[in-house]
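Trainee: Can we go through this one together? I'd like to start with the pockets.
Mentor: Fine, here it is.

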Amino acid sequence: MIVLGIETSCDETGVAIYDTDKGLLADVLYSQIDLHSQYGGVVPELASRDHVQRIIPLVDQALQQAKLNKSNIDGIAYTEGPGLMGALLVGAAVGRSLAWSLGIPSIGVHHMEGHLLAPMLADNKPVFPFLGLLVSGGHSLLVDVKVHGQYLVIGESLDDAIGEAFDKTAKLLDLGYPGGPAISKAAQKGDASAYQFPRPMTNRPGLDMSFSGLKTFVLNTWESSDKSEQTKANIAAAFQEAIVDTLIIKCKRAIKETNYSRIVIAGGVSANVQLREKMQEYADKNGVEVFFPDPKLCTDNGSMIAYAGALRLLKGEKSTIGFQTRARWSLEELSH
Ligand code: KG4
Ligand code: ZN
């Protein structure tokens, strides 16, 4: 089965083609970073308008890359939510109309399921069951994944998502947008031991997380500092280390609770090199296997949507005549 995947939930227009026999045939992406960076964050209306302009040329480009015609496509997957409503509507409308005109099934995909399954597109694929750690701009979730489609959220952020904490912290340090890569770059020149930032919610039991206090801690540290470039780099390094340490502590607990021996880490923040290295180190020392998406499939992309959609289309699932996109959508609602 050949599936066209469309991702437009936020500030990336992603289109990909996944063949259930041969794997990924095409993956094209247009990132709106330049459009939004002058505002220090995503402007929803600008995002929607830009998706409208990019989407059709990107579908054509993906078909060209895969050396296919529209008539070769067997199904279409698009992101149904969660995300920015206007942005989601663009991908959903194009996906649904194209499927209708070609007489093929379509399926609305949960964006976070797309992220969660993205590591399965790598050579070293995880098998079920596993502990999922989803870390993106909008969500921080620890998920008990028994089988495909059965998701139990066992921990989550009570305030800022981790990517959001990176973005807000980068903004207050004037490091640019998106904040994750900017903090990570600044941290390379910094000394994490210059500061001891809190590891939030680790001194009491539980799997929930909270990152807004850490951001305030950074703000106070920065405001009372000499505001030099070296201080900025040191703060970035200490902040990144605090986040990574906190995530490792929470994963250790979740592994103990679930008794799983596999962790799948996905979502934009899983591109973070320090997180990948430290998690790998922890996993190697504790007889746990850890899986990440290919670095270019950590942040939003069409491939993860094509793949997650293909798994559901293969099971016979498809959109009915009703049409919806969802700004909010719990991953647990997918379980049946
Ligand atoms: O998954 P994603 O592309 O979009 C959402 O679903 O939200 O995640 C975007 C988030 C942003 O907050 C960005 O700052 C963060 O992922 N991010 C990173 C890195 N690359 C992207 N955070 C830390 N380190 C990175 N290298
Ligand atoms: Zn995402």
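Trainee: Which strands each supply at least two residues of the lining of the second largest pocket?
Mentor: Strand E4 (75-81) and strand E5 (106-110). Strands here are DSSP runs (E, at least two residues), as helices are (H or I, at least four), numbered from the N terminus. This is a predicted model, where local features need pLDDT of at least 70, side-chain atom pairs count only at pLDDT 80 or more, and totals for chains, interfaces and linings use all residues. Residues are numbered from 1 along each chain as its sequence is written, chains are lettered from A and ligands numbered from 1 in the order in which they are written, and side-chain values use heavy atoms, with hydrogens and water left out.

Trainee: How many lining residues come from E5?
Mentor: Four, the largest share of that lining. The pocket has a volume of about 250 Å³. Of its 20 lining residues, Glu80, Ile107, Gly108, Ser319 and Arg326 are the closest to its centre.

Trainee: What counts as a pocket, and what as a cavity?
Mentor: On a 1 Å grid over the protein atoms alone, a cavity is a set of points where a 1.4 Å probe fits but cannot get out; a pocket is an open set with protein on both sides within 12 Å along at least five of seven lines, and lining residues have an atom within 4 Å of a point. Points are joined across faces, edges and corners, and the volume is the space filled by probe spheres set on them.

Trainee: How many cavities of 30 Å³ or more does a search find?
Mentor: One. Its lining is Leu4, Val59, Leu63, Lys70, Ile73, Leu98 and Leu102. Helix H2 (44-66) and helix H3 (85-102) each supply at least two of the lining residues.

Trainee: New topic. What coordinates the zinc ion (ligand 2)?
Mentor: His111 (NE2), His115 (NE2) and Asp300 (OD), at 2.0 to 2.1 Å. Donors are N, O and S atoms within 2.8 Å of the metal (3.2 Å for Na, K and Ca); water is not among the atoms, so sites may look incomplete.

Trainee: What spacing do the donors follow along the chain?
Mentor: The pattern is H-x3-H-x184-D. Histidine 115 is in helix H4 (residues 111-117) and aspartate 300 is in the loop between strand E10 (289-291) and helix H10 (302-314), so the pair ties together parts 185 residues apart in sequence.

Trainee: Last one. Which residues of H6 meet H8?
Mentor: Ile183, Ser184, Ala186 and Ala187, which meet Ala233, Ala236, Ala237, Phe239 and Gln240 in H8. Contact means heavy atoms within 4.5 Å.
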